[in-house]
Amino acid sequence: MITLKGKVHYVGINDRTKTLFEGLWPLPYGVTYNSYLIADEKIALIDTVDVNYFDLFLKKIKEVIGERPIDYLVINHMEPDHSGSIRLLRQFYPNITLVSNKKALDMVEGFYGTGAQTQVIAEGGSLELGHHTLKFHMIPMVHWPETMVSYDTTEHILFAGDAFGCFGAMNGTPIDSMMDTTVYWSEMERYYSNIVGKYGAPVQKALQKLGGLELEMICSTHGPVWTGENISKVIDVYDRLSRYATEEGVVIAYGSMYGNTQQMAETIAEELAKEGIRKIVMHDVSRINHSFILADIFRYKGLILGAPTYNASIYPQMEMLMSEIEMREIKNHYLGYFGSFSWACHSTKKLSVFSEKVSFETVGAPVEMKQGMKECTRIACRELAKAMADRLKEDR
Ligand SMILES: Cc1cc2nc3c(=O)[nH]c(=O)nc-3n(C[C@H](O)[C@H](O)[C@H](O)COP(=O)(O)O)c2cc1C
Ligand SMILES: [Fe+2]
Ligand SMILES: [Fe+2]
């Protein structure tokens, strides 16, 4: 049994077998579905776990409360990684009351059918459990419309749903002060950039709304339970990323089948380094999962994209990356681009259309290369790199 504080227990699950979260994002360190149980005069469970882990989940619950029934299930977020066990939970606890906002409870009906006892709450609503009181705050679009948080006014614990979440399973304990947290910080940036990334403005609103709460513990649905000085660190990560705040550095993301376009990328990187840019990250769009590229794009202010022409269009993995950037409405970047072809160029045209759609400042002249590398292309690549370096240095 893992007790977080007094009557508050952790009953979350480590998933070490899922290879792709949402079918898209690799999980090199696994992932958790966190659920919390407050065993007060009334018993409240906060969120559930992926349905594949229901058996283990039930065992963990019974380890804490034995045969006592659960009175309330508080639903902060309806995405099936957290709501998946609702239907089975109702079979085992037929008298359980589902507590959430109207939007979430409508989704319960849509996903899991009718018949549950429900208690609808709205912004500022509360639930008395005995010693503990939960107060509810709506944080719409972080990152679904029904998302809310539950604040334990007794112990000052924020049950945050996906907010402040990160990838990574727990190795022995979910409590941050008892573990090495190193890996979770980069996994938090990758989680945020890929899953929450589009919703910077709603995250900013949520941070403002929650700003006045006294916090001793943040209990998200993914990743460690955060305490002590990590609380402000976690809030800072979410604040920085949702403001699209960047640091000096350049991501060069390129596609290349036979290495010609890659030579352009290498030339650009060399010139950036000569110009004193220390943080240069090169990503081959075919070789690395885009979640890592997107996390680096969120971090660094400079972005240079390049790809070959492919079937009168652009190399497919670059098309994918452009759409991933566009759909997240990433802001506050400098963009440069280059492309290659053999008989009729389309790659730079596609990148040019992209540059007009996104709200990035385009720097330097786009470079277009026919077939192999020549001195004129090398010079043009260096000029593009120099323009990017100069623009970045203006901000120093
Ligand atoms: C399947 C395929 C489709 C291509 N389609 C076009 C095209 O429509 N127009 C064009 O000019 N070049 C096209 N190319 C040629 C490449 O854009 C060109 O060879 C480029 O130099 C490849 O760059 P890389 O060496 O970085 O892979 C195509 C190449 C392949 C393999
Ligand atoms: Fe979610
Ligand atoms: Fe989630």
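Strand 20 gives the most to the shell around ligand 1, contributing 3 residues. The model described here is predicted. Strand 20 spans residues 300-310.

In total, 16 residues surround ligand 1. The closest are Ser-256, Met-257, Thr-261, Thr-309 and Ala-312. By class, the shell is made up of 8 nonpolar and 8 polar residues. No charged residues occur in the shell. The space that ligand 1 takes is the largest pocket.

Polar contacts with the protein backbone were then examined. Thr-309, one of the closest residues, places a polar backbone atom 2.6 Å from an oxygen atom of ligand 1. For Asn-311, a backbone N or O atom lies 2.8 Å from a nitrogen atom of the ligand. A polar backbone atom of Trp-343 is 2.9 Å from an oxygen atom of ligand 1. On its own, ligand 1 has 640 Å² of accessible area, and the protein covers 85% of this area.

Aromatic rings were considered next. The count comes to 15 aromatic pairs. One of the pairs is formed by Tyr-10 and Tyr-36. The arrangement of these two rings is edge-to-face, with 5.7 Å centre to centre and 70° between the planes. Tyr-10 belongs to strand 2 (residues 8-10), whereas Tyr-36 belongs to strand 7 (residues 36-39). The pair therefore ties together parts that are 26 residues apart in sequence.

Note on methods:
Residues are numbered from 1 along each chain as its sequence is written. Chains are lettered from A and ligands numbered from 1 in the order in which they are written. This is a predicted model: local features need pLDDT of at least 70, side-chain atom pairs count only at pLDDT 80 or more; totals for chains, interfaces and linings use all residues. Side-chain values use heavy atoms; hydrogens and water are left out. A residue is near a molecule or strand if one of its heavy atoms lies within 4 Å of it. A polar contact is a pair of N or O atoms within 3.5 Å; within protein, one must be able to donate a hydrogen and the other to accept it, and residues adjacent in sequence count only if both atoms are side-chain atoms. Accessible areas come from the Shrake-Rupley method with a 1.4 Å probe; for residues, only the protein chains shown count as cover. On a 1 Å grid over the protein atoms alone, a cavity is a set of points where a 1.4 Å probe fits but cannot get out, and a pocket is an open set with protein on both sides within 12 Å along at least five of seven lines; lining residues have an atom within 4 Å of a point. A molecule sits in a cavity or pocket if more than half of its atoms lie within 2 Å of its grid points. Helices (H or I, at least four residues) and strands (E, at least two) are DSSP runs, numbered from the N terminus. Ala, Val, Leu, Ile, Met, Phe, Trp, Tyr, Cys and Pro count as nonpolar, Asp, Glu, Lys and Arg as charged, and the others, Gly among them, as polar. Rings of Phe, Tyr and Trp (its six-membered ring) pair if their centres lie within 6.5 Å; planes under 30 degrees apart count as stacked, over 60 as edge-to-face and the rest as tilted.
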